[in-house]
Amino acid sequence: FDRTLCTTKAGASPLQGNHSLDSDLVSVCGSHERVLIVTRSSRSEDIAVFLMQHGVKCSIPNQELKPPRSGSEKLRGNVVVRSIKREGLQSKANVILEELKT
């Protein structure tokens, strides 16, 4: 399904300004083994960090993220944030088709 998870506009970073999360979608993130967030924004790291700041365990394909306020500990979560722009894909459909193959 396609919903807005965060209140940012026009590809802005959720780490800048005062933004909120859709509580229903945050609940979905916490209640499933694997959740895929696909965005057109190139700010996938900022999105993952913002989600982690709100208690959602996130990862980005092929990258390790440090949890907020942590030392060397690395985090891999059940929520994967993918950016079609950063990955050079044509559309969200490409990500979905790729995921269905796995």
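This is a guided tour of one protein chain, stop by stop, with something to select at each stop.

**Before you start**

The model is predicted, so local features need pLDDT of at least 70 and side-chain atom pairs count only at pLDDT 80 or more, while totals for chains, interfaces and linings use all residues. Residues are numbered from 1 along each chain as its sequence is written, and side-chain values use heavy atoms, with hydrogens and water left out.

**Stop 1: the whole chain**

Show the protein chain as a cartoon. You will find three helices and three strands; helices (H or I, at least four residues) and strands (E, at least two) are DSSP runs, numbered from the N terminus. Trace the chain from the N terminus and the elements run α-β-α-β-β-α. Of the 102 residues, 35% count as buried. Here buried means under 20% relative accessible area, exposed means over 50%, and partly exposed lies in between, with a 1.4 Å probe and protein chains only.

Now colour by pLDDT, the predictor's confidence in each residue, from 0 to 100. The chain has a mean of 78, and 82% of its residues reach 70 or more. Which of the elements has the lowest mean pLDDT, and which the highest? Strand E2 (residues 58-59) has the lowest, at 84, and strand E3 (residues 79-83) the highest, at 89.

Select residues 68-75 next. Over these residues pLDDT stays under 50, and the model has 15 contacts for them beyond four places in sequence. A contact means heavy atoms within 4.5 Å. Where pLDDT is low, the predicted coordinates should not be read in detail.

**Stop 2: the sheet**

Select E1 (35-39), E2 (58-59) and E3 (79-83). The three strands form an open sheet in the order E1-E3-E2, with parallel pairing. E1 and E2 stand at the edges, each with a single partner strand, so one side of each is left without a neighbour in the sheet. Two strands pair if DSSP finds at least two bridges between them.

E1 and E3 pair over five bridges, and two bridges join E2 to E3. To see the pairs, show these residues:

- Val35, whose bridge partner in E3 is Val79
- Val38, which stands opposite Arg82 in E3
- Thr39, which stands opposite Ser83 in E3
- Cys58, which stands opposite Val79 in E3

**Stop 3**

Move across to E3, where both faces are covered. Val79, Val81 and Ser83 are buried on one side, and Val80 and Arg82 are buried on the other.

**Stop 3: helix H2 and the core**

Select helix H2 (44-53). Seven of its 10 residues are buried, so the helix counts as mostly covered. The buried ones are Ser44, Glu45, Ile47, Ala48, Phe50, Leu51 and Met52. What covers them includes E1, E2 and E3.

Zoom in on Ser44: is this residue buried or exposed? Ser44 is buried, with a relative accessible area of 4%. Leaving out residues up to four places away in sequence, Ser44 touches Ile60, Val81, Ser83 and Arg86. Just after H2, select Gly55, which takes a positive phi of about 90 degrees.

Next, select Leu51, Cys58, Val79 and Val81. Of the 17 residues in the largest nonpolar core, these touch the most other members. H1, E1, H2 and E3 each supply at least two residues of this core, and H2 gives the most, with five. A nonpolar core is a set of buried Ala, Val, Leu, Ile, Met, Phe, Trp, Tyr and Cys residues joined through side-chain atoms within 4.5 Å.

**Stop 4: arginine 34**

Finish at Arg34, in the loop between helix H1 (23-31) and strand E1. Leaving out residues up to four places away in sequence, Arg34 touches Asn78, Val80 and Glu99. Show the Arg34 and Glu99 side chains: they make a polar contact at 2.8 Å. A polar contact is a pair of N or O atoms within 3.5 Å; within protein, one must be able to donate a hydrogen and the other to accept it, and residues adjacent in sequence count only if both atoms are side-chain atoms.
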